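The following note sets out numbered remarks on the structure shown below.

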Amino acid sequence: MCSPLHQPDGPLAPAASRRTFLRATGLTGAATAAAAAAGGLATAAPAAALPQQKSADNVASWRPDPDSPRFTLVVMPDTQYLFDGASINSAPVEASLRYILDHGREENIVFLSHLGDLTENGQPREFGPLSEAFELLDRRRVGYSVVAGNHDIKSSTDDQRGRTPYLDAFGPQRMSRLPTFGGATPDGYNTYHLFRAAGREWLVLALDWRPSAASRAWARDVIAKHPKTPVVLTTHELVYADQYGDEAEFSPHGKHLWDELIADHDQIFLTLNGHYWPAARTTRTNTAGHDVHLHITNYQNRYYGGSAMIRLYRFDLARNTIDVETISPWILGRAGDGLNELERREIEMTGPQDSFSVPIDFEKRFAGFAPVAARGPRPAAKMLLPGTVAYWRFDGTHQDGSPADAALRVPDLSGNRNDLTRETVPGTPADALRWSRSHHPDQPGHGSLYFDGGKPPLRGAYLRTAGNAPLNAKTFRSGYTIEAFIKLPADWDAGHHAWGSILSRRGTLGAAGKTEGDPEEPVGTLSLSDGPGPQWAAAPLNQPGAVTNWGHELEREVWWHLAVVNDGKHTTMYVDGCPVARNPATRTSGLATLGLPWLVGGYEYGGTLDQLLHGWLGDVRIVERALPVRDFMIA
């Protein structure tokens with residue numbers, strides 16, 4: 001269902017438009033750096049969203065939207081060449097961290113993961129400036145993790161190394177102040193972090209450069225204690241690019257980590273590591289038979305030590321996709337000042353290993369450890385909102401695929417005596433109308449009827465109201481809402497099935513006294529065009545002809561919810577609760593009628609049956625007032 005959670009967070013479109021915006025604004029550029037140097041913290045004005053809390057020093061705390069289906073995980077790989085002995089350059093890292101602060105609301109940034117090799121030599125004088133830069137996030141209580149790389153803790157074969165400058169700078173004593181911190185190994189070199197996004201809990205497992213057997217056991221225990229939580233594993237070394245740079249392969253240590261931890265834990269669906277270059281990715285199948293996406297990102301070999309580039313993992317659970325983008329906020333921030341030739345090449349990485357999308361059906365991928373319970377059927381009585389004049393559903397104890405009885409009678413559950421009976425085109429087999437257990441996941445009744453209609457020659461069956469049904473005379477002067485669930489089969493073909501009607505009203509425009517348009521068209525029909533796309537073509541009381549609303553092309557073998565809503569002034573079509581583009585501004589009031597029956601699954605032209613529905617039809621409801629989206633049957 002379409003809702004505010006599925007709408008863009010602002011006027012900017014994803015991907016290209018967002019990038020255009022970033023280049024145009026320059027990320028506040030030199031002004032931001034100047035403010036930082038003066039002791040200020042320059043941040044963009046927050047977009048209208050959740051209120052922010054204030055910490056003790058009166059700095060606004062971080063408040064990502066925990067329910068939006070879209071959120072961003074930021075990844076920062078090796079920064080070691082920026083912190084190399086006497087050669088210290090914090091500006092690129094600070095620019096990337098300010099990007100998070102400036103665009104956190106717009107991007108719904110929930111977390112930052114640094115992949116290790118923060119410094120070249122692991123010395124206190126290298127960690128000091130880097131630690132100070134990260135205070136930008138500390139002040140706003142932005143969640144982040146930092147793992148140790150081989151350059152941060154030299155000459156160490158596992159994580160039992162005792163105190164180091166890395167641990168002094170980024171150990172649990174610092175992380176524990178952040179709201180995302182979950183815990184750490186006793187040595188402090190492995191941590192886990194939790195955040196809420198898309199309405200659920202997510203876990204980042206930040207493992208050391210060389211986690212010991214005890215640390216791997218700790219990691220298994222952490223996962224076991226969060227049995228329904230998806231896990232992103234971050235570490236310094238795991239995979240590297242093959243000789244062609246097209247796909248990633250396990251390093252010897254990475255293969256060991258896969259065998260000892262990743263493969264047997266289905267919750268781990270994404271791994272991120274640095275250490276090697278160039279960037280690469282691959283997919284491996286775990287022991288549960290599910291994909292694990294393994295990505296290496298590292299740009300230290302590029303100009304200015306990679307300029308603290310960041311990779312944005314934009315999760316979009318509404319689209320079942322992770323969109324990945326790699327940018328240099330430091331270079332972007334100075335774009336207005338004039339860049340040298342090498343900088344211009346590094347503003348944004350656009351290669352196939354740097355900018356790409358990862359399709360993941362999140363619900364299906366996580367079903368093994370966190371299955372989403374199917375929505376159960378709802379009693380018909382709960383669907384009878386005030387103003388309901390007809391409600392038909394096709395559930396019950398019928399055997400799946402069995403033909404509907406020739407004398408079928410579908411009761412009007414609203415109690416208004418608008419029952420439906422079966423009509424069949426002569427020569428049509430009995431199973432042209434048959435019961436099905438298939439239904440929309442949000443449909444109140446768990447069942448449907450399959451209409452196997454089409455032409456030429458005309459064949460199939462349909463349903464109709466009786467000649468004296470009260471619905472036939474309704475003019476809906478105060479407004480109406482018509483809802484239906486529909487699914488089209490894979491073999492739906494425009495040449496045989498176009499203009500099959502879901503719901504139509506008998507009687508022609510000409511007979512109703514309408515002077516504009518084709519006089520042989522019916523006074524009202526919710527049909528499927530040759531797209532196939534839904535079309536509502538109906539004659540209002542106040543117009544000389546029919547007014548048409550058009551939906552977009554519907555994917556086959558997918559259940560859809562359609563709704564047509566008139567508020568007494570205008571008519572709007574919705575698909576899955578989302579308004580379509582081609583909703584005319586024409587003033588429309590009521591519906592013309594000749595007092596003739598309504599047809600379900602049948603369409604007339606010139607008063608003669610002309611086409612029959614080919615597809616599944618679920619619950620159908622008609623209400624004689626305009627319903628808000630929140631009251632649709634999918635709500």
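1. Asp208 is buried, with a relative accessible area of 0%; here buried means under 20% relative accessible area, exposed over 50% and partly exposed in between, with a 1.4 Å probe and protein chains only. This is a predicted model, in which local features need pLDDT of at least 70 and side-chain atom pairs count only at pLDDT 80 or more, while totals for chains, interfaces and linings use all residues. Residues are numbered from 1 along each chain as its sequence is written, and side-chain values use heavy atoms, with hydrogens and water left out.

2. Asp208 and Arg161 join their side chains in a salt bridge, at 2.8 Å from N to O; the criterion is a side-chain nitrogen of Lys or Arg within 4 Å of a carboxyl oxygen of Asp or Glu. Arg161 is also buried, with a relative accessible area of 17%. Because Arg161 lies in the loop between strand E5 (144-146) and helix H5 (165-170), and Asp208 in the loop between strand E8 (200-206) and helix H7 (213-224), the pair ties together parts that are 47 residues apart in sequence. Helices (H or I, at least four residues) and strands (E, at least two) are DSSP runs, numbered from the N terminus.

3. The whole structure holds 27 salt bridges. One of them links Glu343 to Arg334, with the closest N and O atoms 2.3 Å apart; Glu343 is buried at 6% relative accessible area, whereas Arg334 is partly exposed at 21%. Another joins Arg345 and Glu341 at 3.7 Å, N to O. Both of these residues, Arg345 and Glu341, lie in helix H10 (residues 341-346), four residues apart, about one turn of the helix. Arg345 is exposed at 52% relative accessible area, and Glu341 is partly exposed at 42%. Arg70, Asp316, Arg319 and Asp323 are linked in a salt-bridge network.

4. Which residues of H7 are buried? They are Ser215, Arg216, Trp218, Ala219, Val222 and Ile223. They cover an arc of only 155° around the axis, which puts them on the same side of H7; the arc is that of the directions from the helix axis to the C-beta atoms. These buried residues pack against strand E6 (181-184), strand E7 (191-197), E8, strand E9 (231-235), helix H8 (252-262) and strand E12 (268-273). The face of H7 turned away from its buried side carries the exposed residues Ala214 and Ala224.

5. The largest nonpolar core has 43 residues, of which Trp392, Leu449, Leu463, Trp536, Leu617 and Ile622 touch the most other members. Such a core is a set of buried Ala, Val, Leu, Ile, Met, Phe, Trp, Tyr and Cys residues joined through side-chain atoms within 4.5 Å. Strand E25 (residues 480-487) gives the most to this core, with four residues. A second, separate core of 42 residues includes Trp62, Phe83, Ala169 and Ile331.

6. Strand E27 (residues 522-528) has seven of its seven residues buried, so it is largely enclosed by the rest of the structure. E27 pairs in the antiparallel sense with strand E26 (residues 501-508) over five bridges, where pairing requires that DSSP find at least two bridges between two strands. Ser527 in E27 is the bridge partner of Ser501. E27 also pairs in the antiparallel sense with strand E28 (residues 534-538) over five bridges, and Leu528 stands opposite Pro534 in E28. E27 and E28 form a hairpin with five residues between them.

Terms used. Contact means heavy atoms within 4.5 Å.
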